[in-house]
Amino acid sequence: MIVYGPVPSRRLGRSIGINNIPPKVCSYSCPYCQLGRTNTMQIKRVAFHNPEDILKEAEAKLEQLAAENIVADYFSFVPDGEPTLDINLGTEIRMLKPMGVKIAVISNASLLWMEDVMEDLMQADWVSVSIDAADEKTWKRINRPHGLLKHREVLDGIARFAKDYKGVLVSETMLVDGINDNIGTIGGIAEILGEIKPAKAYLLVPARPPAENWVKRASRESLSMAVGIIRGKSGISVECITGDEEEEGFFFSEDIANDLMGITSVHPVRESVMNRLIEKRNIDGSIITELVNQGKISELYYEGRKYYRKNTNAGQGK
Ligand code: SF4
């Protein structure tokens with residue numbers, strides 16, 4: 001299953017996810033990543049799936065939703081890794097567009113200096129780029145990039161893309177306690193944002209189990225300082241996403257196990273949210289224990305709460 005959800009999203013409304021990358025292939029290995037550590041670090045774009053298969057799954061998903069009178073707001077490429085590593089991304093966007101649902105891509109933006117990546121993202125309606133650092137040293141700590149990436153080149157790629165892009169560009173900055181939540185780093189990020197002028201700058205904190213257990217969310221004080229600095233320096237609209245906002249309203253079809261695998265693959269789900277879903281849909285709760293016993297999903301703890309996440313060795317898509 002490559003197409004999952006829809007997943008409720010504060011930024012994108014009701015969003016059908018496209019998981020176009022196998023777990024977990026990325027150009028970064030961010031210590032805060034909710035998908036765990038990166039298994040395969042790469043910057044070479046390759047084909048992972050047949051675009052026709054993605055199209056077929058997307059059509060089936062829309063049919064399934066139509067039968068329940070549900071309208072999706074976006075197809076969003078939010079995969080098990082970095083979506084622009086998929087060499088067919090542009091083709092997939094072109095194939096999905098005629099279906100009349102807007103297309104979003106959430107990218108770490110590390111490959112935007114490549115002309116073909118830029119061309120592919122130009123076709124999306126909404127693009128989010130990550131900007132977690134303003135200097136190379138912080139970038140290496142917060143994103144742990146592939147060795148061949150150059151920070152200057154990454155920032156230049158984002159700036160060039162922002163200049164020509166006609167869709168909605170937003171930025172995403174993850175603030176981690178003691179790494180990038182200091183006044184100097186935030187000031188530098190504010191300057192970059194002032195240049196690229198996203199429609200909105202989203203500030204996030206690690207709200208789900210991170211890849212490294214030393215990662216802690218930035219404090220409320222740091223977050224409000226960041227909001228003030230970024231608004232003040234760049235004049236950009238800033239919004240904070242601190243975690244619990246996006247966890248209600250997951251869509252489940254008759255194939256609950258498959259849906260759970262799809263959602264927990266890219267989005268660890270809190271136990272209390274899962275319990276509410278089980279109750280609301282009158283589902284047999286033992287399905288969770290079964291998936292855990294089969295080694296398909298894992299239980300994780302973060303900030304005193306239990307989460308479920310798909311095991312990366314449980315196979316792509318589930
Ligand atoms: S947070 Fe995104 S960019 Fe960072 S390692 Fe995870 S998938 Fe890659």
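Select Met118 first, together with the residues it touches: beyond its neighbours within four places in sequence, Met118 is in contact with Leu112, Gly157, Arg160 and Phe161. The model on display is a predicted one. Met118 belongs to helix α3, which covers residues 115-122. Is this residue buried or exposed? Met118 counts as buried because its relative accessibility is 7%, and the limit for that class is under 20%.

Proceed to Ser76, in strand β5 (residues 74-77). Ser76 has a relative accessible area of 1% and is therefore buried. Which residues surround it, once neighbours within four places in sequence are set aside? Ser76 is in contact with Leu12, Ser15, Ile16, Gly17, Ile18 and Ala104.

The next stop is the ligand. Display Lys24, Cys26, Tyr28, Ser29, Cys30, Tyr32, Cys33, Thr38 and Asn108, which surround the ligand. Colouring this shell by residue class gives five nonpolar, three polar and one charged residues. The space that the ligand takes up is the largest cavity.

Most residues other than glycine have a negative phi, and most peptide bonds are trans. Select Gly5 and Pro6: the peptide bond from Gly5 to Pro6 is cis, with omega near 10°. Pro6 is placed in strand β1, residues 3-9.

Move on to Asn69, in the loop between α1 (51-67) and β5. Asn69 is not a glycine, but its phi is positive, near 55°. With a relative accessible area of 71%, Asn69 is exposed.

Lys197 is found in the loop between α6 (183-196) and β9 (200-204). What is the phi of Lys197? The value is positive, about 50°, although Lys197 is not a glycine. Lys197 is exposed, because its relative accessible area is 57% and the exposed class begins over 50%.

Finally, colour the model by pLDDT. The protein averages 90, and 94% of the residues score at least 70. Select residues 314-318, where pLDDT stays under 50. For residues 314-318 the model has 19 contacts beyond four places in sequence.

Methods
Residues are numbered from 1 along each chain as its sequence is written. This is a predicted model: local features need pLDDT of at least 70, side-chain atom pairs count only at pLDDT 80 or more; totals for chains, interfaces and linings use all residues. Side-chain values use heavy atoms; hydrogens and water are left out. A residue is near a molecule or strand if one of its heavy atoms lies within 4 Å of it. On a 1 Å grid over the protein atoms alone, a cavity is a set of points where a 1.4 Å probe fits but cannot get out, and a pocket is an open set with protein on both sides within 12 Å along at least five of seven lines; lining residues have an atom within 4 Å of a point. A molecule sits in a cavity or pocket if more than half of its atoms lie within 2 Å of its grid points. Ala, Val, Leu, Ile, Met, Phe, Trp, Tyr, Cys and Pro count as nonpolar, Asp, Glu, Lys and Arg as charged, and the others, Gly among them, as polar. pLDDT is the predictor's confidence in each residue, from 0 to 100. Contact means heavy atoms within 4.5 Å. Helices (H or I, at least four residues) and strands (E, at least two) are DSSP runs, numbered from the N terminus. Buried means under 20% relative accessible area, exposed over 50%, partly exposed in between (1.4 Å probe, protein chains only).
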